[in-house]
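Me: Please take a close look at a single part of this model and describe its surroundings in one connected account.

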Amino acid sequence: MSEPPLVAALVYDGLCTFEFAIAAEVFGLPRPELGAPLYRFASVAVDDGPMTAAGGLTVQASGGLELLAEAHTIVVPGWRGRHDPVPPALLHALAAAHRRGARLLSICSGAFVLARAGLLRGRRATTHWRYLDDLRELNDGIEVENQALYVDGDGVLTSAGSAAGLDLCLHVVRADHGAAIANAVARRLVLPAHRQ
């Protein structure tokens, strides 16, 4: 039996704790009630040294950017600030992962990381309603969606605010494993299986 696909979620100094926890909850928890594991999960350090997350948590990652080279899916939690720079090594690693066929998804302001990597150019995308104009101002041919909870842009997926990240992650589970499995994951989260 082959290993389940690897989902890698970024962690960084100033991490948006809730957005990271969404990825860990959906992709990282064991689900014995569903039989075989759906995914393997790893946290990927963007920054060196101890990293602090919102709420004063100290974060230690599973590994560094090298993990992105083997990830099937990469999750970019809300970025520390939509105007904050993104390390070039991360931008290169994300672009390389996309070229080899990895699926990339962002939660909330994580869309700005994907945009700076050039991965939203000419695509539909969304982000938190407070940041929609900032995403438009990047002038990179991004078709910004005002009303969407999430946008599936053929391998590059974006979600609106934090809670919409749950909808996006359930959408990914549904695409990978079907409605029955996604419904079971949603039920355990005590969430609707699908919101319009």
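Reply: Asp-176 lies in helix H5, where helices are DSSP runs of H or I with at least four residues, numbered from the N terminus. This is a predicted model, in which local features need pLDDT of at least 70 and side-chain atom pairs count only at pLDDT 80 or more, while totals for chains, interfaces and linings use all residues. Residues are numbered from 1 along each chain as its sequence is written, and side-chain values use heavy atoms, with hydrogens and water left out.

At 31% relative accessibility, Asp-176 counts as partly exposed, a class between buried (under 20% relative accessible area) and exposed (over 50%), computed with a 1.4 Å probe on protein chains only. Leaving aside neighbours within four places in sequence, Asp-176 is in contact with Tyr-39 and Arg-103; contact means heavy atoms within 4.5 Å. The side chains of Asp-176 and Arg-103 are joined by a polar contact of 2.7 Å, that is, a pair of N or O atoms within 3.5 Å, of which one must be able to donate a hydrogen and the other to accept it within protein, and residues adjacent in sequence count only if both atoms are side-chain atoms. Leu-38 is 138 residues from Asp-176 in sequence, yet their C-alpha atoms are 9.0 Å apart in space.

Note on methods: Helix = DSSP H or I, 4+ residues; strand = E, 2+ residues; numbered from the N terminus.
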